[in-house]
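Hi,

Here is the model I promised to pass on.

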Amino acid sequence: MKVLVVGNGGREHALAWKLLQSNTVETVFCVPGNGGTAILENCQNLSLTATDFYGIKEAVKTHEIGLVVIGPEVPLAMGLADYLHQEKIPVFGPSQSGAQLEASKSWAKAFMQDVGIPTARSQTFTDEEIPQALAYVEEQGAPIVVKADGLAAGKGVTVAATVEEAKAAIAESFGGKFGLSGECIVIEECLIGQEASVLAITDGLTVRPLVPAQDHKAVGEGDTGPNTGGMGVYAPAPLVTPEMMERVQREVLEPAIASLRDRNIDYRGVLYAGLMISPEGDIKVLEFNCRFGDPETQAILPLLETPLDEVLLACVNQTLAELPPLRWKNGASACVVMAAGGYPGDYKTGDVITGLEQAEAIGAVTFHAGTELQNGQVLTKGGRVLGVTAIGTDFDDAFAKAYQGVEQIHFEGSYYRRDIGHRVRSPIA
């Protein structure tokens, strides 16, 4: 079978890499892909954008592709899955109506409240309600969370420590920082605890969780500084115990899929629940995403033993209930993100990356996020440049290998957190 993966990040590189480990996958095409997929054996980049619906359809026909896997949220929110369904093309990814779970935080909040899924108290305001939004913040006090309603590449959330900081976030959102995505905001209570990511696959009838992961959103060590798309991740996260996973299945995943089905929303893809787990063990949903997480995918997929194409096709064909239980490797997986200096603010691109082969030689897998291949050289092309991943017998082993891989790789201004996994690693002497 030939598979087409839509997207150009580390998630898409990991998807292509994992698909090609299956005996039944012959070739993977990436639209548009990156420098990593360009040098991956049996993988080919196509010069199209992730939102070129017609171009993607024509590529499927030209290359006789049997499955399309949509990586990023933007084409899902724009209705790429619906467009391909109309063309009778098998596609892994929810419909446009299902993608509202991520594309509109206010829609998702109303959905959770209607279904009874545990979530933070909140209120929604439009840009015509600035006085009411400011008054609400004054009334609630800080800390408090301000979220742009629409898609903002993981940067639309401000956890405000003071009322003044919250008011500034409101002004930025309504002032155009996030474009149309910021014309509506959700202001919600600040939950205390640890975050965890539970990604589940679903065919719209059955839903099965993957191993839980724990991401590190803040750019700075000690979980300080502005939020990013994610600076590193590990799996399986011990914070989410088997008993807790059963609760997530019962209280979050199954009610969500049942309600989507009741609303005649076709949802075949990933249902990603971002959770806050309190010190007392209470679970609340911070957000839903409608696709594989990035960088969670880079840590989760290396642990998966079941061929990925079997899993995705079971979702597409609505036969997930018939698929045997997913098989997982023993041990732990760790991913450390190497970013361009200045990220998540302004950063430079076009720098040569060296040491990739040396990192691979010591057992790390390097998933490319913001890279491109030019004249045989891999260059930086984004904020999050690489996700250096390793599997070990335990977290100490996995992180030791991942950081050894990081130390082999060089590009000008590279930045990475040295404390990824600090909750599960042994203290460094």
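Below is what I found, going region by region.

First, the ground rules. This is a predicted model, in which local features need pLDDT of at least 70, side-chain atom pairs count only at pLDDT 80 or more, and totals for chains, interfaces and linings use all residues. Residues are numbered from 1 along each chain as its sequence is written, and side-chain values use heavy atoms, with hydrogens and water left out.

Helix and strand names come from DSSP runs numbered from the N terminus (H or I of at least four residues for helices, E of at least two for strands).

**The parallel sheet**

There is an open sheet of five strands in the order β3-β2-β1-β4-β5, with parallel pairing; two strands count as paired if DSSP finds at least two bridges between them. The edges are β3 (43-45) and β5 (91-92), and each has a single partner strand, so one side of each is left without a neighbour in the sheet. Three bridges link β2 (residues 27-32) to β3 in the parallel sense, and Phe29 sits opposite Gln44 of β3.

Two helices go with this sheet. Helix α1 (residues 10-19) packs on it and touches β1 (2-7), β2, β3 and β4 (67-70), where contact means heavy atoms within 4.5 Å. The direction of α1 makes about 170° with that of β1. For angles like this, axes are lines fitted to C-alpha atoms (for helices over the stretch in contact), and the values run from 0 to 180 degrees between N-to-C directions. Helix α3 (residues 53-63) lies across β1, β2 and β4, at about 160° to β1.

**Helix on helix**

What does α1 meet in α12? Leu15, Lys18 and Leu19 of α1 meet Leu308, Asp309 and Leu312 of α12. By class that contact has four nonpolar, no polar and two charged residues; Ala, Val, Leu, Ile, Met, Phe, Trp, Tyr, Cys and Pro count as nonpolar, Asp, Glu, Lys and Arg as charged, and the others, Gly among them, as polar. The axes of α1 and α12 (residues 308-316) come within 8 Å and cross at roughly 105°, so the two are roughly perpendicular. The cut-offs here are under 35 degrees for roughly parallel, over 145 for roughly antiparallel, 65 to 115 for roughly perpendicular, and oblique for the rest.

Helix α12 is mostly covered, with seven of its nine residues buried; buried means under 20% relative accessible area, exposed over 50%, and partly exposed in between (1.4 Å probe, protein chains only). The buried ones are Leu308, Asp309, Val311, Leu312, Ala314, Cys315 and Val316, and they pack against α1, β4, β5 and β10 (194-202). After α12 comes Gln318, with a positive phi near 55°.

Ser97, Gln100, Leu101 and Ala103 on the α6 side make the contact with Lys105, Trp107, Ala108 and Phe111 on the α7 side. Five of the residues in this contact of α6 with α7 are nonpolar, two polar and one charged.

Is strand β7 (residues 144-148) enclosed or open? Five of its five residues are buried, so β7 is largely enclosed by the rest of the structure. Ile144, Val146 and Ala148 point one way and Val145 and Lys147 the other. β7 pairs antiparallel with β8 (residues 157-160) over four bridges, where Val146 partners Thr158. Five bridges join β7 to β9 (residues 184-189), also antiparallel, and there Lys147 partners Val186.

**Two buried residues**

Thr366, in strand β19 (residues 365-368), counts as buried at 4% relative accessibility. Leaving out residues up to four places away in sequence, its contacts include His13, Leu356 and Ile409.

Met231 sits in the loop between β14 (224-227) and β15 (232-235) and is buried, at 0% relative accessible area. Beyond four places in sequence, its contacts include Asp215, Val336, Tyr343 and Arg417.

Cheers
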